[in-house]
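Here are some notes to read alongside the model. Keep the viewer open and follow the points in order.

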Amino acid sequence: MAAANAPIAMREALTLTSLGIAPQFVTFTHVTMESDRYICVRETSPQNSVVIIDMAMPSQPLRRPITADSALMNPNTRILALKAQIAGTTQDHLQIFNIEAKTKVKSHQMPEQVVFWKWITPKLLGLVTQTSVYHWSIEGDSEPTKMFDRTANLANNQIINYRCDPAEKWLVLIGIAPGAPERPQLVKGNMQLFSVDQQRSQALEAHAASFATFKVPGNENPSTLICFASKATNAGQITSKLHVIELGAQPGKPGFSKKQADLFFPPDFQDDFPVAMQISQKYGLVYVITKLGLLFVYDLETAAAVYRNRISPDPIFLTAESSTTGGFYAINRRGQVLHATVNDATVVPFVSGQLNNLELAVNLAKRANLPGAENLVVQRFQELFSQTKYKEAAELAAESPQGLLRTPETVAKFQSVPVQAGQTPPLLQYFGTLLTRGKLNAYESLELSRLVVNQNKKNLLENWLAEDKLECSEELGDLVKTVDNDLALKIYIKARATPKVVAAFAERREFDKILIYSKQVYCVGTAEFLFLGGSTQFSLNIDCAV
C-alpha cells in the first residue's frame, strides 16, 4: 500500500547532527526526551555541556557549560534535573534547576548510585538504584522516598524504563539482560510491577510496558490497564506477545477482559525486540517500537493488530509520547527525530478495507471522531433499528463520528417508534443517552424541551440549562416563553437573540437593563430597537459599545 494511504504517517521532525550534536553523543546514555516538549543532550567534548532543544523552536538549541552524568528536562516546564557522581565515591549528587528563574529548586546527595532516573510526572522524579526505587518530589524540601526494592529478576539488568499510572497507584520497572547463549542478540526483557496500595511486586518477562485508562461500558469509573510486550525463547521456540490486563478490578463493576496478541516479526528480524511502548488515549492505540525500527500498532480495547511497518533503517533507542497529536517521537542512532502520527483521513478506510475489520473501523471512527466510516455507521444504525435494539442504536447515534447521525432524521426515526406500555419511549432513551455524553445540538435541545414542556416538567429544563446541556436558540426561547418568561429571557441572552432580549426587558419595564445589555452587545454606531412595553410603543436610540 502506498505510504500516502498508510494509517500511520511518519516524518522527520529534525536531526540532532544538523544542530551540531556529534554522532558519538547520539546514544541512550547521552540523550533524554521526557515528553514532546524538550530533548536534552549531554556532551563531553570538546567541553562538558548540556544542550536543550525546545521542540517549539528546535533550530535554536540552548547550550550550557555543565558537567553531569545525566540531564533530564521536565516534561512540561523549563526545569532541568542533573545527576553527577561524587568523585571517589559511589554516591550521586542530584540537583534541580529552574532555567528561566536561574535558581536552584533543590538538591540531594544520594548515598548510593542512581543507575536510571526519569520524570514519571511533571512533579515527580523516579530514581532507580542497584537495589531500590525512590520517588523525589520537586515541591517542598522533601528527600527521596523509598517506594520498593527491586525483584531478583532485575538483578544485573540494564534498566531502560520506569513508569507510573495516572493515579500513581501502580509502578513498573523494565530492564534488559543478555540473551541465551544460542541467541545472545535477542536480549531478555524483565519487568517488575508494583502495587502501591498492596505493597506487593510481581515479576514478569517484558521488554516494554505502559499504562492506560479505559472506560468499560456500564462502569462510570475508568479502569487502569497495563500493556506489555515480550519476546522470549522457550525450548528453541520464539514467542512474541502483547498483553493488555486490567489492574485493581473494581468490585461489583464490569471489568476489562484481558487480551493478548502475537507480535509477528519478519524472518530478517528474529533477533529484534521491543524497546519502547507508547499508548495514545486519543485514538485508543498501542504503539510497540522495536530496536531495529519496526512499529507495531494495536487496538487497546481488543488487542487487534492495526498496522506493522519499518519506520527507521537505523536502530531506535528512545521514544516519547506526543500527547498533542496522539502519536509519538522516536530517536534513532543516526540522530533522526522521527514523528509518528495517525493519518486521520486514511486509518478508518484502511482498517475497514485492508483489514476487513468493520467493527474496529466503526469504533475507531467513534472514539476519535474520524471520517471514513460513514456508510458503515449508517448501515449499522439501520441494522440495530430493524432489530428493535433501540438502546444500542441510540448509543451508536450519540457517538457517531463528526455528528453523522445527530440529525432531525434520526430524531424523527425514534419518534416514529410506537411506545410500549410500561417501557421507556425509544425517543427518551435516545435523548437520555445524548445527555450522558455531553451537550445537545440546537434541534435536539428544541425537541427534548418540547417533550418536557408538554409534560409540565420545567424543573428539568432548569437543571439542563444550569449544566449547559442544551444549546440555546431563539426557537427554544420562544417555546419556553409559553411556560416561563424568566427562563426564556435567560435562553434569549445565551442565544444572543438581541431583539427578543430587548423586548423581554421592555415587557418587564426594565429599561435600565436594556441599556446595560445593549452596551455589552458587539455592534457599531447606533442601534434602533422597536418594541412594545405593555400597550405603549417605544423607540430607543442606544449607543452600543464596540
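1. Which residue takes a positive phi in the hairpin of S24 and S25? Ala-303 does, with a phi near 60 degrees, and the hairpin has five residues between the strands. Strand S24 (residues 294-299) runs antiparallel to strand S25 (residues 305-310), and five bridges join them. One place to look is Val-297, whose bridge partner in S25 is Tyr-307.

2. Before going further, some ground rules. You are looking at a predicted model, where local features need pLDDT of at least 70, side-chain atom pairs count only at pLDDT 80 or more, and totals for chains, interfaces and linings use all residues. Residues are numbered from 1 along each chain as its sequence is written, and side-chain values use heavy atoms, with hydrogens and water left out.

3. Now the overall picture. The protein chain has 12 helices and 30 strands (DSSP runs numbered from the N terminus, H or I of at least four residues for helices and E of at least two for strands). Its C-alpha trace spans about 95 × 60 × 50 Å along the principal axes. Of its 546 residues, 50% count as buried (under 20% relative accessible area, with a 1.4 Å probe and protein chains only; over 50% would be exposed, and in between partly exposed). Looking at contacts (heavy atoms within 4.5 Å) with a separation of 6 or more, 44% come from residues 24 or more positions apart.

4. Next, an open sheet of four strands, in the order S2-S3-S4-S5 with antiparallel pairing (strands pair if DSSP finds at least two bridges between them). Strand S2 (31-32) and strand S5 (62-64) are at the edges with a single partner strand each, so one side of each has no neighbour in the sheet. S2 pairs with strand S3 (residues 38-43) over two bridges in the antiparallel sense; Thr-32 has Cys-40 in S3 as its bridge partner.

5. Strand S12 (residues 132-137) deserves a slow look. Six of its six residues are buried, so the rest of the structure largely encloses S12. Ser-132, Tyr-134 and Trp-136 point one way, while Val-133, His-135 and Ser-137 point the other way. S12 pairs antiparallel with strand S11 (residues 124-129) over five bridges, and a hairpin of two residues joins S11 to S12. Val-128 is opposite Val-133 in that pair. S12 also pairs with strand S13 (residues 145-149), again in the antiparallel sense, over four bridges, and here Ser-132 is opposite Asp-149.

6. Is Ser-230 buried or exposed? Ser-230 is buried, at a relative accessible area of 12%. This serine belongs to strand S19 (residues 223-234). Setting aside neighbours within four places in sequence, the residues in contact with Ser-230 include Glu-205, His-207, Lys-241 and Leu-263.

7. Finally, a helix pair. The axes of helix H10 (residues 485-495) and helix H11 (residues 498-507) come within 8 Å and cross at roughly 150 degrees (axes are lines fitted to C-alpha atoms over the stretch in contact, with angles from 0 to 180 degrees between N-to-C directions). That makes H10 roughly antiparallel to H11 (over 145 degrees; under 35 is roughly parallel, 65 to 115 roughly perpendicular, and the rest oblique). In the contact, Leu-489, Tyr-492 and Ile-493 of H10 meet Lys-500, Val-501, Ala-504 and Phe-505 of H11.
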